Each structure stands twice: as C-alpha cells, then as structure tokens.
Amino acid sequence: MKCVREDLKARITDVLVGEAQSSVREQVFLHLEDCASCREDRDRMAKVLGLLKEAPPWAAEGGLGSPAADVDRLSVIQRQRIESLAGRRPSISPAGKASGHSISWLALAASLSAVGIALVLARRGSQMPLEAPVPKATVSSVNQLPQAPEAPVSFPKSPALAEPQSVTTPAAARSHAPARVRVAPEAMREFERQTWPGELGQAIEETKAEPKKNDAGNELRDEGRVAGMAAGGSLGAEVAATPPAPSGAPPSKDERLRTSETVDAAAESPAMESRPSLGKSRESYAEAAKRSQAEVDRVGPGGLVAEPDRRDQPEPPPAPRDMFFESKGANPFVVTEEDPQATFGLDVDTASYTLTRNYLNRGLLPPSAAVRVEEFINSFPNNVAADRGGDSPSAFAVRVDGAPHPLHAGFHILRVAMKAREVDPRERKAAHLTFVIDVSGSMAAENRLGLVKRSLALLVDKLDERDTIGVVVYGTTGRRVLPPTSVRNRDRIMAAIDRLRPEGSTNLQDGLDLGYEMAMESFTRGASNRVVLCTDGVANTGETEAGTLLSRIRREAKRGIDMMALGFGMGNYNDALLQRLADEGNGQYAYIDDLGEARAFFLRRLTSVLEVVARDAKAQVEFNPARVERYRLLGYEKRDIADRDFRNDAVDAGEINSGHSVTALFEVKLTGGPGSGKIGVARIRYKTGPRSEGVEFSREIVDAAVARSFDQASPAFRTAFVAARFAEHLRKSSWVNGESLASLQSLADELPEAPQTNELADLIRKAARLSRDR
Amino acid sequence: MSETEVLLAEFDRDPEVGLSKIMDRFEKPLVRHARAVLLDTEAAKDVVQEAFIRFLTEKPRPDNLGGWLYRVSRNLALDIVRKEKRRMRLNEGLDEKHEASPETTATLRVDLGRAYTKLSPEQREVVFLKVQEGLSYKEIADTIGKPAGTVGWMLHEALKTLAAELRPETLLGVRS
C-alpha cells in the first residue's frame, strides 16, 4: 500500500532519534498504526540506528571499546612533531616509545565524554565563523615555498595539508608545509645521539638545541680553542687567539702516538706538552661546530641559497612538503695542537650528488641539508689504481697527495684517496637479493614504479644462475610477490616485477618484516645476502617509528643480511631516513633519478653493488702540529668517529664495495718546513668479515706528494676539490661565504673533458644562474 | 574558569605540560570525527596533527579550545573531501569476506562500513554527530552551519540510504 503522508517520512526519523515535539510524535504514531509501509520504514531505520551503535563504521578496525581504540591517537611521530613546535625537547626512550604520552593516557570512557564536551563547547563558540578561522590564503603562497619541488613533481598524500586553507602569512605557510610528518627529525636525532659517545654526544645535542647561540664565538675566542674561526669564518683569517696555557701536566703517552714517526717528531715539540686531553679536544671540536652553525645561520640572504628566515620559529621545519633532510653543519677548522687527529667512517654513498643534480636540472637549488660534501666527492672516481692482486693483504690501494689551495692563498688541500680492491665478476659471491618494493600510491607519480621496474630489470639481467631473487611489496600492508627464485628463471622474476602496480598507503615496516623473512629463506653463509629497498619515501602506516625499523635492520645486518636503500622520486622523499637505513644495515644508499643513473649504478659496477670488500672501514688522519697549524676535513660530518674509537672494531663505520673510490679532502694551513718532519699520517682500518678482526695500515703524508701548484695536481684531485667546493656552496657553508661561484666555475671549466666533469661544470653553471636569479 | 581557560592558562604556564593535556583531551575525539568524514584513519590523523600545529603556530585565544580545534580539523577534513573526492579506504581489502556468514560482528561491520561509504561526507558527519555524540539537531546545526530542519532531513536521507544499501540478512538481523 502506497503511503500518502510523504511529509511524515522524515518525521519518523525525528521520532526515532528523539527530536520530534510531542504533537509531531502523536501524529507519527497515529499514522504508523494505519500505514504498514511506514511501519516497515520505521523498523528498518531503527535497525540501522541500532547497527550504527553496535558497529560504528567511523570507528577504526577493532572498534570502539576494544584495545585497538588507541588507533584513534596520533602516532608518536606526529605527537613529537607537534610537541617540538611547543618548544619541547624530544624525549624518546631508546626503545623508541614516547614518554611524552605517559602524562595521561585517558581511559576510553574519559575521552568519549571529552568529545561531548568538545562539541558542546564548539556549539557555544558558534558565534565564531564556522568556516576557516582565518582568511584563506592563496594557494600560491604555498607553491612559492622556497626550494619546494615544482607542484606537479610532488604527490601530496594529504592534499589539504599541502594547500593549507587558513594561512595568514608565508611564514605560517612554511610552518604548515611539512604536512605528513612521517619521521620527526627529533626521532632521527635521537638515534644519532645514541651513536655519539657520551660527552660528545651531549655536546652535539646541545649544539643542535641551540644552533643560534651567537655568543659562542666569544667563548671560543677567549679560550683560544678554535682560533681560525674568529674572523667570521674567513679562511684567510689570522689566528686571533693565544694558545691555551700549558697545563703543567705531563703529556700522556697515548698509545695512539706510538705508531708513526710523524708523531714522534711532534712529540718533541714543546707545544705538544700543553695539548689538552683528548676529551677536551673533542669538546672544542663540537663547540666549534656550534660556532660554525651560528655562522651558517648568519649567512642570511647574502648566502648562495636563500632559504626562508626561520629564526622566528621555535624549531625550523625540516623541509618543505615531505622532503626530509638533515644537516649537521660544516666541519670547523681544528687547531692541530688541540686535536691532531681526524677520525671518520669511510663512505661510498653518492645519493646526495644525484639528488642535487635532479634538483638543479629541474631549475631548483637543493635544500642545503640535502648536500653532503663527501657524497659529492665520492661521486667521481679517484685516479688510484685498484689493487687486483688476490693475495694482497690490503682491501685498499691508497694515495695521499696535496696541492696549494686554488681559492685561498696560504692554504693547501690534502687528499687521502682510497680505491677498494676490485673483485673479478667471475669470482664474486652468489647474490641472494630480496627486493622490498614500495608500491604505495605515490609511486605512481612520475612513473616512479616504472623506473624501479626498469632498474631492477637491469640488475636481474646482470645476475646469473648462482643468484636468487625474491620480491616483497608493501602498500597498505606487505605482501610476498615472488619467493626466492633462481635467476635461471629470469622470465618468472621479470613477470613478477612487471605485474607490480601502485596501491594503498606506505607500510614500510610490514614490507621490511616480510623482506627479511624472505631473505632468511634464501640465506646462504658466505654469499651476498641483501634486502634491496626501493622506495620514494617513508612509512605512513604500520610501525612508523624509525627506532624500531633501525634496530631491526641492525639486528639483521649482524646476522649477515645487508640492506641496500635505493631512493626514487622527489615529492615525499626522505633522504635522512634512507641514509640511516642503509647505514644501520651495512649497506649502500643510492638515489636513482632516471634510467641513466640506474644503468650507471647497476651495470658499471655490479660487483661494486654486491661485493663488500671492507666492513666498518674508517680512516684516521693525524697531522703533525709542527707542520700543520690547523686543518679542516671537508664533509664526513655524519661519519665522525671519536678518535679513541679508531681501533674499536665494534664501532659501526662504512662498508666499502669492490672497486669503490673513497676520497677525503682536508684544507690545511701548513707551517714549518720539511725539516720539521712529515706532514702527517693517514691510517685506514677495516674488517674483512662481519666478525673478523680489524686490519690496519697507514701512509705517510710527505712533502714530495704536494704539487707546486693546483694546476699541476692530477685531474681527479682537482675534480674532487671542485666537487667538494661546489657542495660547500650549495650547503651554504660559512667557509665559502661571500665567495662567488664564478671562480669555481673557471676551475671546473679547466678540468679535462669527460662526461662526468662536463656535467659537474654544467651543474655549477646552473646553480650560479639560480642563485643569481634570487 | 571554563575548561578552555584552565587549559590555556596551563599552556601559558608550561607549554609542554599544557600541550600534553590539550592533546590528551582532544586528540581521540578529533581523530574519530575526522575519520567519520574521511573514512581514512591516516588522513584523519594528519588532519588532527595539522590542527594542533595550527594551534601552536597561530596561537589563537578562543573562547573554547575544543570548538576551535574541532572547526580547524573539520575544515581541513572537508577540504580533503572536496578537493580529492577521496576514495574511502576504511574497508579496503575486506571485500573478500563479503560472503562470510552474517552472524559475525565482522561481517556486520563490513556490510555497514560499505553502506556508510555511500553517504556524502556531510551525511556521514551528521550521522556521526547524532549517533556517536548524541548531539541534538540544534547542536548539530550550529556545528555544521546548517538549519536544524536540514539536519533532520540529512539524517533521514542518510538512514534511508543505509537501509537500502545494507544486505537484507544484515538488516533483518539474522544474528541471534
């Protein structure tokens, strides 16, 4: 029977939810007695209301009242991000759990009543406009974010946040920009702090907490610790401080002084007597870093890369949008008498250079924090002939040389260039690779997944029947796609890779868990067992706490499964995390921006991708204070190792693969003459296997190896310097403050013609133009 | 002193403790509300995170803080819906279980969840505010900025849609 009282239909709902006035209610009841169709409607509506209360679809899986109700809380990372804006120091326990939460985990019931209050309050406050509380900003204020990738490049996972609706000023826009905070810089910082030993760790932490402390320089000057820093970071600055007063304490005969004649010569110098303890030296180093950072902060608009002035913000946002980079500031000059040793882990990563190239080719200057000097240097081969001898005890061929500084009279460049032993492709170990591939929605952008597929195809093509490949993907959850399969079945592997499609969100944890599980299935002792992570970003679901991820990766690396991190895409790229993942996993980190780079990475150096010839490799360069007044290591800030840990084989350092070039450059102020002894000594220490004992060897730095002029230095030497200097410019190091790129440009143009050097010169030209345009 | 005054005073005294209290107080209800609109937990959390960030960067002195946070978060959420017509992900991957016996709560949840995605974001919000929060039409009207009569109509339409979308066995309550 058709109901004639259409007007009452909606009233039935009102009655059901207790919103009808008594007169209406009466009418409805009367009508229901007559109308079967409306009674049916009422029953269905009532049932729906009951079901909604029983299984509220707005509750997350697990439902209200179940333990899973905590899914309604923000993640630890998100909370930290917010708290950091309130000026809170990150307080994460080593386990990665947030202590910030502990204040009051409200019981579910309490929070349910809270929502009621919140909403009632909301209602009372309704005299305020209901739309956005502040005027809408134009979208362009966001698009003009300095150094943000071009809009189409990025794939915002959270569009509302990428284009904030209520933005008042560009400054506010910036503060909103890091919309989807996946890994708080604080969290990353915490892990760093854990890797810095004791006192120094604290000092570093303080450095970061108060990077803008401008009076640091006065203290430093007073104590005469880092004299060269005094004159606004100018290289040519005269020493403005007096050396520290002799302490009267007898010089401690450190065991680290025993080995070389360089040091013996130095020990005769009376100045050595006043050398402060090692701890003090390191402290001054950290303070100098603080000072250096203060300088960097003062560079301001005159600097090469005009970054937004963030000084008015309690905590600078990590980077525009979803790009996460992290800078440690540039190394300072160190007075040799204070601390004659520079100790650092060797590094073969090159991602920073590739990433920068990508930025520049898109007409953008890279964020300064994305620029790592050592990765620029190591993107270029050094001219050291690799040792091919199978019986050779050394994994490295080493060359130490120098030349006058081309841009600062009175200073020299010293180079320690190492080339890892080249393993014959026929002799390489079998490779058991597990690809862990990010197939989240953002991988659809710029056909990133397509690039991953083609890159992996290149790799698979170079492997042979000794090797196996397994594939795990992760979107919203992780999934096994291909169990470990011999490369004999190349077609099956390629078909599995080819079928991948972008899907869902980004559950990195899930993907890695499955990946490591699969890697165990094909694990073979003595082979190259690797998990190869291919991603454009970071976890946004699942366990997004970097701590848990990193400890898992560390554990697996100990068991013999290394990690290789390959970064693709730009929009929400987490440079800091990927670098960290590869580090902890004893692996390499490369950024692949196009097929050409993939080719360069996989084809030219397959053994270099697969064969580790040295583990936890570190270098210690010790200068003779009678010959070197002060020195500065270019780059390797993230690889700093305490001097006393050089012979501690448990300390994590760099993994060096077959044929890799590793180069370290120093700027030094020479003093005295050859009569005062050798310039210094470079020591290299590494392990051949995860558990084997460290092997060490050294090379003296002698005057004969120092060229008379920069032009006479080898092309590889000059290229390394140009690359390093370029990186210093791009990261706004105070050491190149005020220097024009033009002089570097002419040095680059004088390099011998080669595709790589031409490209470098081209990039410098682009950067010069971009910084002029600003 | 109102609750807002208490919380803001605490925040002024000690931003750390104050912020912690404010977040503990409002994050869950805000996330739940944003999810009711967005049907995506991660997106909801992003929205709520952003609301708190705006509280810190814009430093408002609202008469009521809950209301202010709620409005910011709501606008951000609706913005997402408007701009992207976002696909709903709440029940993604659960479709395989569609044929499972209707006796289980899980099945009910899946079925109801799917039906719920057929509603417009505004309808979902009204249903949420009515059923979950128990607000009156008037309160909902003030909240979403529409007349009370419209609220009643939206709710009615939403329930009708849900009833039509639910499978008969779910609706008839085969379950015990």
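Helix α23(A) is largely enclosed by the rest of the structure, because 15 of its 16 residues are buried, a residue being buried if 20 or more other C-beta atoms, placed from the backbone, lie within 10 Å of its own. The model is predicted, so local features need pLDDT of at least 70 and side-chain atom pairs pLDDT 80 or more, while totals for chains, interfaces and linings use all residues. Residues are numbered from 1 along each chain as its sequence is written, and chains are lettered from A in the order in which they are written.

Helix α23 of chain A covers residues 715-730 and reaches 22 Å from its first C-alpha to its last. Helices here are DSSP runs of H or I with at least four residues, and strands are runs of E with at least two, numbered from the N terminus. After α23(A) comes A:Lys732, with a positive phi near 60 degrees.

An open sheet of five antiparallel strands has the order β1-β12-β14-β4-β3 in chain A; two strands pair if DSSP finds at least two bridges between them. Its edge strands are β1 and β3 of chain A. Within this sheet, five bridges join β12 to β14 of chain A, and A:Arg630 stands opposite A:Lys669 in β14(A). Helix α23(A) packs on the sheet, touching β3, β4 and β14 of chain A, where contact requires C-beta atoms, placed from the backbone, within 7 Å.

Technical notes: Expected span 1.5 Å × (residues − 1). Buried ≥ 20, exposed ≤ 12 C-beta atoms within 10 Å, placed from the backbone. Contact = placed C-beta atoms within 7 Å. Axes fitted to C-alpha atoms, helices over the stretch in contact; angles between N-to-C directions.
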